[in-house]
Amino acid sequence: MRYTVILQRESDGGYVAVVPALPGCVSQGDIRAEVLKNIEDAIELYLEDVREAGEPIPVEADREYV
């Protein structure tokens with residue numbers, strides 16, 4: 001499954017990543033490659049928790065980009 005990840009550069013350096021389809025799924029890293037690896041790990045853990053709770057896996061709604 002694929003999810004949209006939004007990266008935000010911090011004013012003091014580093015990045016924050018959020019996954020809109022997975023509320024509360026957030027990570028950070030000093031460089032772009034690090035934050036992408038960290039958010040990938042966070043997504044895996046998030047989905048593992050969802051499965052263990054017996055809840056449906058979130059599906060990302062269609063997105064429009066302008």
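Two strands count as paired if DSSP finds at least two bridges between them. Helices (H or I, at least four residues) and strands (E, at least two) are DSSP runs, numbered from the N terminus. This is a predicted model, in which local features need pLDDT of at least 70 and side-chain atom pairs count only at pLDDT 80 or more, while totals for chains, interfaces and linings use all residues. Residues are numbered from 1 along each chain as its sequence is written, and side-chain values use heavy atoms, with hydrogens and water left out.

**Whole chain**

Start with the cartoon view. Read from the N terminus, the elements run β-β-β-α. The C-alpha trace spans about 40 × 30 × 15 Å along its principal axes.

**First hairpin**

Select E1 (6–9) and E2 (15–18). These two strands run antiparallel, joined by four bridges. Show Ile6: its bridge partner in E2 is Val18. Now move to the hairpin of E1 and E2, which has five residues between the strands. Pick Gly13 there; its phi is positive, near 100°.

**Second pairing**

Which residue of E3 stands opposite Val16? Select Gln28 to see it.

**The sheet**

Show the three strands together. They form an open sheet in the order E1-E2-E3, with antiparallel pairing. From one strand to the next, the twist averages 20°. Angles run from 0 to 180 degrees between N-to-C directions, and axes are lines fitted to C-alpha atoms, for helices over the stretch in contact. Contact means heavy atoms within 4.5 Å.

**The helix**

Select H1, residues 32–52. Helix H1 lies across E1, E2 and E3. Against E3, H1 runs at about 150°.

**Surface and contacts**

Switch to the surface view. The accessible surface comes to about 5000 Å², and 49% of it belongs to carbon and sulfur atoms. Areas come from the Shrake-Rupley method with a 1.4 Å probe; for residues, only the protein chains shown count as cover. Of the 66 residues, 29% count as buried, meaning under 20% relative accessible area. Among contacts between residues at least 6 apart in sequence, 28% join residues at least 24 apart.

**Charges**

Finish by colouring Lys and Arg as positive, Asp and Glu as negative; His and the chain ends are not counted. The chain has 6 positive and 14 negative side chains. The centres of the two sets lie 7 Å apart, with each charge placed at NZ of Lys, CZ of Arg, CG of Asp or CD of Glu.

How values were computed. Buried means under 20% relative accessible area, exposed over 50%, partly exposed in between (1.4 Å probe, protein chains only).
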